[in-house]
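Thank you all for coming. I would like to walk you through one structure this morning, going slowly from one region to the next, so please keep the picture in view while I talk.

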Amino acid sequence: MTLSQTFVPKFMALALIGTLALSGCSVFRVYTIDLPQGTPITSAQASQVQVGMTADQVTYLLGSPAMRDTLNPNRFDYLYDYTAGTDGKRADKKDIKNASQYLSIFFENGRVVRIAGRESLPRRNQ
């Protein structure tokens with residue numbers, strides 16, 4: 001038996017074991033980006049919206065809604081989800097999932113008649 005016949009199988013086995021061991025190591029984790037989805041709105045911003053305002057005034061204050069239902073055009077839904085990536089986790093930012101921060105604004109005849117979800121909004125940007 002030559003040296004290459006005994007060395008190559010051992011080296012291949014060692015390389016395979018090393019690769020499998022390091023693949024589970026968090027030191028070599030891939031960088032991920034922070035993923036904000038929707039419009040982050042604070043309770044201070046939402047308190048500026050008053051019953052009787054027009055849709056244009058609401059859009060000016062809060063921006064475009066995340067969802068506009070074509071079957072119910074008299075409703076604006078502002079949703080916000082956030083998934084912390086590498087930087088967000090280092091800064092201890094919490095994930096916001098399942099649209100737990102939302103604001104729904106209902107209109108009749110082009111004017112705000114009802115506002116729902118103010119209690120789900122944070123006091124300030126997170």
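**A buried aspartate, a core and a surface patch**

Let me begin with aspartate 77, which is found in strand β3, and let me say at once that the model we are looking at is a predicted one. Is aspartate 77 buried or exposed? Its relative accessibility is 9%, and because buried means under 20%, aspartate 77 counts as buried. Its side chain makes a polar contact with the side chain of serine 104, at 2.6 Å. If we set aside the neighbours within four places in sequence, aspartate 77 is in contact with Pro65, Ala66, Met67, Leu103 and Ser104.

One of those residues, Leu103, takes us to the largest nonpolar core, which has 13 residues, and in which Val58, Leu62, Tyr78, Leu103 and Ile105 touch the most other members. At least two residues of this core are supplied by each of α3 (55–62), β3 (75–83) and β4 (96–108), and the largest share, three residues, comes from β4. As a general point, nonpolar side chains in soluble globular proteins tend to be buried together. For isoleucine 105, not counting residues up to four places away in sequence, the residues touched include Val49, Val58, Leu62, Phe76 and Tyr78.

Finally, let us turn to the surface, where Phe7, Val8, Phe11 and Met12 form a nonpolar patch with about 430 Å² of accessible area together. Phenylalanine 11 lies in helix α1, which covers residues 3–23, and with a relative accessible area of 47% phenylalanine 11 is partly exposed.

Note on methods:
Residues are numbered from 1 along each chain as its sequence is written. This is a predicted model: local features need pLDDT of at least 70, side-chain atom pairs count only at pLDDT 80 or more; totals for chains, interfaces and linings use all residues. Side-chain values use heavy atoms; hydrogens and water are left out. A nonpolar core is a set of buried Ala, Val, Leu, Ile, Met, Phe, Trp, Tyr and Cys residues joined through side-chain atoms within 4.5 Å. Buried means under 20% relative accessible area, exposed over 50%, partly exposed in between (1.4 Å probe, protein chains only). Helices (H or I, at least four residues) and strands (E, at least two) are DSSP runs, numbered from the N terminus. Contact means heavy atoms within 4.5 Å. Patches are made of residues with over 30% relative accessible area and no salt bridge: like charges are joined within 9 Å, nonpolar side chains (Val, Leu, Ile, Met, Phe, Trp, Tyr) within 5 Å. Accessible areas come from the Shrake-Rupley method with a 1.4 Å probe; for residues, only the protein chains shown count as cover. A salt bridge is a side-chain nitrogen of Lys or Arg within 4 Å of a carboxyl oxygen of Asp or Glu. A polar contact is a pair of N or O atoms within 3.5 Å; within protein, one must be able to donate a hydrogen and the other to accept it, and residues adjacent in sequence count only if both atoms are side-chain atoms.
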